[in-house]
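I opened this notebook to keep track of what I looked up.

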Amino acid sequence: MNPRGGVAALLLALSMPLVLGSAGCVGLRRAATPAPRLFVAEDVVRVETGTACGADLNVATGALPADAIPLSRYHVTTSQPVPLPQVLDLLVVHARHRCAAGVRVLRVDVADGATGVIAAEAVAYALPTAP
């Protein structure tokens with residue numbers, strides 16, 4: 001046996017984390033993949049909040065309704081691609097803080113060669129109240 005190869009094999013074996021099972025079996029532990037992180041930047045358009053606190057939010061894509069009053073603009077980025085519903089859930093949480101009537105997703109960027117969202121832009125809005 002080549003002494004240099006034996007030393008390399010020993011160093012490799014010592015550097016791998018080992019897990020002993022209850023029956024004395026040895027297995028290798030896989031490195032955990034970090035969970036994706038989502039970041040939200042909010043640009044407040046109106047200081048006032050909406051009047052729909054606690055109501056169901058209308059979440060959709062496309063242009064704002066004709067009578068909508070923009071409250072905040074959101075820019076979402078992710079550390080790695082995530083499913084669109086995860087981004088929408090985050091937008092709903094932020095829009096509820098503003099008592100918005102709804103959120104319109106204006107733009108979604110999808111990762112090249114992968115499924116999942118890496119960035120999005122949305123607007124939380126209020127609707128005028130009847131006098």
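**Entry 1: the nonpolar core**

I looked up the largest nonpolar core and found that it has 17 residues. Those with the most contacts inside it are Leu57, Val87, Leu91, Ala95, Ala100 and Val103. I then checked which elements supply it: E5, helix H2 (84-97), E6 and E7 each give at least two residues. E7 gives the most to this core, with 5 residues. I note that the model is predicted.

As background, nonpolar side chains tend to be buried together in soluble globular proteins.

What does Val87 touch, not counting residues up to four places away in sequence? I listed Leu38, Val76, Val82, Val117 and Ala120.

**Entry 2: salt bridges**

How many salt bridges does a search of the whole structure find? I noted 4.

I began with the pair Arg46 and Glu48, whose side chains meet in a salt bridge at 3.3 Å, N to O. Is Arg46 buried, exposed or partly exposed? I wrote down partly exposed, because Arg46 has 38% relative accessibility and the class lies between 20% and 50%. Glu48 has 47% relative accessibility, so Glu48 also counts as partly exposed.

**Entry 3: Glu121 and its partners**

I went on to Arg73 and Glu121, where the side chains meet in a salt bridge at 2.5 Å, N to O. This pair links distant parts of the chain. Arg73 is in strand E5 (residues 69-82) and Glu121 is in strand E7 (residues 117-126), 48 residues apart.

Glu121 also forms a salt bridge with Arg107, and there the closest N and O atoms are 3.5 Å apart. This pair, too, links distant parts of the chain, with Arg107 in strand E6 (residues 102-110) and Glu121 in strand E7, 14 residues apart.

Why does Glu121 count as buried? Glu121 counts as buried because its relative accessibility is 17%, and the cut-off for buried is under 20%. Arg73, at 30%, counts as partly exposed. Arg107, at 34%, counts as partly exposed as well.

**Entry 4: the network**

Which residues are linked in a network of salt bridges? I recorded Arg73, Arg107, Asp109 and Glu121.

Definitions and conventions:
Residues numbered from 1 in each chain as written. Predicted model: local features only at pLDDT ≥ 70, side-chain atom pairs only at ≥ 80, totals over all residues. Heavy atoms only, no water. Buried < 20%, exposed > 50% of the residue type's maximum accessible area, 1.4 Å probe, protein only. Helix = DSSP H or I, 4+ residues; strand = E, 2+ residues; numbered from the N terminus. Core = buried A, V, L, I, M, F, W, Y, C linked by side-chain atoms within 4.5 Å. Contact = heavy atoms within 4.5 Å.
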